[in-house]
Amino acid sequence: MSSKRVIMLNSKNLRESGGSENDSVQELEDYAVHKAEETTKSVQNCLKIAENIRENATKTFVTLHHQGEQITRTHHVAADIDGHLSRGEKLLRSLGGLFSKTWKPKKTRKITGPVIFGDDAVRRKVSHLKQREKLGLPSASKGQSRLRTPPQEPTVALEKVEFEKGNQDDALSNLSDLLGEVKDMAVHMGSEIERQNKALSHFEDDVDELNFRLKGANRRANRLLGN
């Protein structure tokens, strides 16, 4: 068996065993470089996972905001219905003839339409994300990938290990920025969900009031028709 083959086998065994005090300096250096490269790959895989989480969080955040806008638009429609219903109530009140009992529509509360509960920071954040999307730009974290130039061959094992450590530091810095961005979006999503819950509660109250008045108007119309 050639000496090169023996070294490769010894290096493989060392990687699997974790090394021992009887290993040669060359084998220990090979093992150190191997573990450094392995660690770099693990950190970069974590970075890719964080990037996917950030992209999914961005889509969820924008979709959530669109849902809030839809709630507001629907509430505006309910407010318009209030105007049409008020005109119908006035017409029903004037009908019935001289001997008809005076009818007055019952109201328990005023329909005010959507009340904007919101956080300007949330709207600014969504506006920023939408603008990037229109321009075809991917959402980016503060820490952009910094590519290091690999050391030229031949080089000593220590330089290789230091090079990998630099790559790991860069990846960890980017990972920290990405996780910070995801945390920021999570906080904004929490604020948006809270805002929508308040808006839905107010919307529900207005819809209940409209249903109550609509039932009263229907009863009045049925009496006028002799039903």
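Colleague: In what order do the elements of the protein run from the N terminus on?

Modeller: The model is a predicted one, in which local features need pLDDT of at least 70 and side-chain atom pairs count only at pLDDT 80 or more, while totals for chains, interfaces and linings use all residues. Residues are numbered from 1 along each chain as its sequence is written, and side-chain values use heavy atoms, with hydrogens and water left out. Helices (DSSP runs of H or I, at least four residues) and strands (runs of E, at least two) are numbered from the N terminus. The protein has four helices and zero strands, and the order of its elements is α-α-α-α.

Colleague: What share of the residues in the protein is buried?

Modeller: A residue is buried under 20% relative accessible area, exposed over 50% and partly exposed in between, with a 1.4 Å probe and protein chains only. Among the 227 residues in the protein, the buried share is 30%.

Colleague: At what angle do the axes of α2 and α4 cross?

Modeller: Helix α2 covers residues 25-94, and helix α4 covers residues 157-224. Axes are lines fitted to C-alpha atoms, for helices over the stretch in contact, and angles run from 0 to 180 degrees between N-to-C directions. The two axes come within 6 Å, and their crossing angle is roughly 15°.

Colleague: How is the orientation of α2 to α4 described?

Modeller: Angles under 35 degrees count as roughly parallel, over 145 as roughly antiparallel, 65 to 115 as roughly perpendicular and the rest as oblique. The axes of α2 and α4 cross at roughly 15°. That angle therefore makes α2, relative to α4, roughly parallel.

Colleague: Is the crossing of α2 and α4 left-handed or right-handed?

Modeller: A crossing is left-handed if the near helix is turned anticlockwise from the far one by less than a right angle, and right-handed if clockwise. For α2 and α4, the crossing is left-handed.

Colleague: Which residue forms a salt bridge with R213?

Modeller: A salt bridge requires a side-chain nitrogen of Lys or Arg within 4 Å of a carboxyl oxygen of Asp or Glu, and nine are found in a search of the whole structure. R213 meets its partner at 2.6 Å, N to O. The pair links distant parts of the chain, 131 residues apart, with R213 in helix α4 and the partner in helix α2. That partner is D82.

Colleague: Are R213 and D82 buried or exposed?

Modeller: R213 has a relative accessible area of 3%, so R213 is buried. For D82 the relative accessible area is 15%, so D82 too is classed as buried.

Colleague: What is the N to O distance between K35 and E38?

Modeller: Both residues lie in helix α2, three residues apart, about one turn of the helix. K35 is partly exposed at 31%, and E38 is partly exposed at 36% relative accessibility. Their side chains meet in a salt bridge with an N to O distance of 2.7 Å.

Colleague: How far apart are the closest N and O atoms of K198 and E194?

Modeller: K198 and E194 lie four residues apart in helix α4, about one turn of the helix. The relative accessible area of K198 is 43%, so K198 is partly exposed, and E194 is partly exposed at 47%. Their salt bridge has its closest N and O atoms separated by 3.9 Å.

Colleague: Which residues make the nonpolar surface patch?

Modeller: Patches take residues with over 30% relative accessible area and no salt bridge, joining like charges within 9 Å and nonpolar side chains (Val, Leu, Ile, Met, Phe, Trp, Tyr) within 5 Å. L224, in helix α4, is partly exposed at 32% relative accessibility. The patch covers about 250 Å², with accessible areas from the Shrake-Rupley method using a 1.4 Å probe and, for residues, only the protein chains shown as cover. Its residues are L91, L95 and L224.

Colleague: What separates the C-alpha atoms of E89 and N218?

Modeller: E89 is found in helix α2, and its relative accessible area of 3% makes it buried. E89 and N218 are 129 residues apart along the chain, and their C-alpha separation is 9.8 Å.
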